[in-house]
Amino acid sequence: MGNGVAGYMIAGGYVLSYTVNDLDLDRETTLTIISTTTVVWIGTTILATWTSDKITCKRTYHIGFISQLLWVFPLFMLIDTQNYVLIALGLIVLAIPLGFTYGQQSAMFAEMFPAKIRYSGDGLANAIGAILGGAFASLIATALQAEFGTSMAVATYIFVITAVALVATIMVKDRTGRPLTAEADAELNRKIEKVAEKGGGTPANFERGAGF
């Protein structure tokens with residue numbers, strides 16, 4: 001959610017809508033800035049994957065979320081200047097925390113769940129986070145803008161979600177380097193099977209563990 005809320009401000013259309021409809025800026029110029037930002041975002045995502053191999057996924061997340069917390073209010077201040085160069089600066093810098101809270105995501109999710117429920121855990125975590133953090137982000141941002149009449153309300157929304165995400169990643173146990181095989185998770189898998197049996201869970205038909 002911490003990545004999705006900020007990311008969908010760009011990809012989901014809020015920044016374009018706000019700058020064009022509320023700030024009366026040129027649509028084509030704004031689209032060019034947003035497109036440039038997404039290209040930089042691809043680069044920072046790749047950089048984050050490399051960084052996570054060096055300092056762990058968890059620490060890479062911390063860099064991303066802390067920098068996002070520090071930048072979210074300056075970002076909207078720059079957007080509100082209605083200066084294209086400053087808007088481009090604000091969005092391109094935002095691509096750094098966006099990449100550093102995304103590039104290592106799949107690897108970290110794989111490390112978090114034992115083999116028996118890895119597909120289920122990874123899939124549910126990713127899907128629920130994407131829906132709650134991304135699907136409604138632009139709608140919520142637009143409603144906040146309309147209610148309070150200032151982009152700082154949107155910045156506060158992103159700040160709060162980012163802070164929650166940072167706390168969540170701090171609490172996650174660092175499992176860097178642990179084996180991801182079913183054999184390595186044998187004890188956990190047995191516990192999962194017992195819990196599923198008591199709860200009436202139905203085993204999925206995937207050998208590597210789509211779970212229950």
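Modeller: Before we start, a nonpolar core here is a set of buried Ala, Val, Leu, Ile, Met, Phe, Trp, Tyr and Cys residues joined through side-chain atoms within 4.5 Å. Keep in mind that this is a predicted model.

Colleague: Okay, then which residues of the largest nonpolar core touch the most other members?

Modeller: The largest nonpolar core has 33 residues. H1, H2, H3, H4, H5, H8 and H9 each supply at least two residues of this core. The ones that touch the most other members are Met9, Tyr14, Phe76, Ile79, Leu91 and Ile158.

Colleague: Let's zoom in on Ile158. Which residues does Ile158 touch, not counting those up to four places away in sequence?

Modeller: Ile158 is one of the residues that touch the most other members of the largest core. Skipping residues up to four places away in sequence, Ile158 touches Val5, Ala6, Met9, Gln68, Val72 and Phe76.

Colleague: Stepping back, how many helices and strands does the chain have?

Modeller: From the N terminus on, the elements read α-α-α-α-α-α-α-α-α-α. The C-alpha trace spans about 60 × 35 × 25 Å along its principal axes. The tally is ten helices and zero strands.

Colleague: What share of the contacts with a separation of 6 or more comes from residues 24 or more positions apart?

Modeller: For context, 43% of the 212 residues count as buried. As for contacts in the chain with a separation of 6 or more, residues 24 or more positions apart account for 77%.

Colleague: What about the outside: which helix gives the largest share of the nonpolar patch?

Modeller: The patch on the surface is formed by Met1, Leu124, Ile128, Ile131, Leu132, Phe136, Leu139 and Ile140, with about 750 Å² of accessible area together. H7 (118-135) and H8 (137-148) each supply at least two of its residues. The largest share, four residues, comes from H7.

Colleague: Over to helix H3. Which backbone oxygen does the side chain of Thr45 reach?

Modeller: Thr45 lies in helix H3 and is buried, at a relative accessible area of 17%. Beyond its neighbours within four places in sequence, Thr45 is in contact with Gly99, Tyr102 and Gly103. At 2.8 Å, its side chain reaches the backbone oxygen of Trp41.

Colleague: Then there's Thr44. Which residues is Thr44 in contact with, leaving aside its neighbours within four places in sequence?

Modeller: Thr44 also lies in helix H3. At 9% relative accessibility, under the 20% cut-off, Thr44 counts as buried. With those neighbours left aside, its contacts are Ala95, Ile96, Gly99 and Phe100.

Colleague: How about Ala110: what separates its C-alpha atom from that of Gly121, in Å?

Modeller: Ala110 lies in helix H6 (residues 105-112) and is buried, with a relative accessible area of 16%. Beyond its neighbours within four places in sequence, Ala110 is in contact with Arg118, Asp122, Arg178 and Leu180. Gly121 is eleven residues from Ala110 along the chain, and the C-alpha atoms are separated by 8.7 Å.

Colleague: Last one, on charges. Which side chains meet in a salt bridge?

Modeller: Side chains of opposite charge can pair when their charged atoms come close. The count here comes to one salt bridge. Its two residues are four apart in helix H10 (residues 186-199), so they are separated by about one helical turn. At 3.9 Å, N to O, the pair is Lys191 and Glu187.

Conventions. Residues numbered from 1 in each chain as written. Predicted model: local features only at pLDDT ≥ 70, side-chain atom pairs only at ≥ 80, totals over all residues. Heavy atoms only, no water. Patch = residues over 30% accessible without salt bridge, like charges linked within 9 Å, V, L, I, M, F, W, Y side chains within 5 Å. Areas by Shrake-Rupley, 256 points an atom, 1.4 Å probe, with all protein chains shown as cover. Salt bridge = Lys/Arg side-chain N within 4 Å of Asp/Glu carboxyl O. Buried < 20%, exposed > 50% of the residue type's maximum accessible area, 1.4 Å probe, protein only. Contact = heavy atoms within 4.5 Å. Polar contact = N/O pair within 3.5 Å; in protein donor to acceptor, adjacent residues only side chain to side chain.
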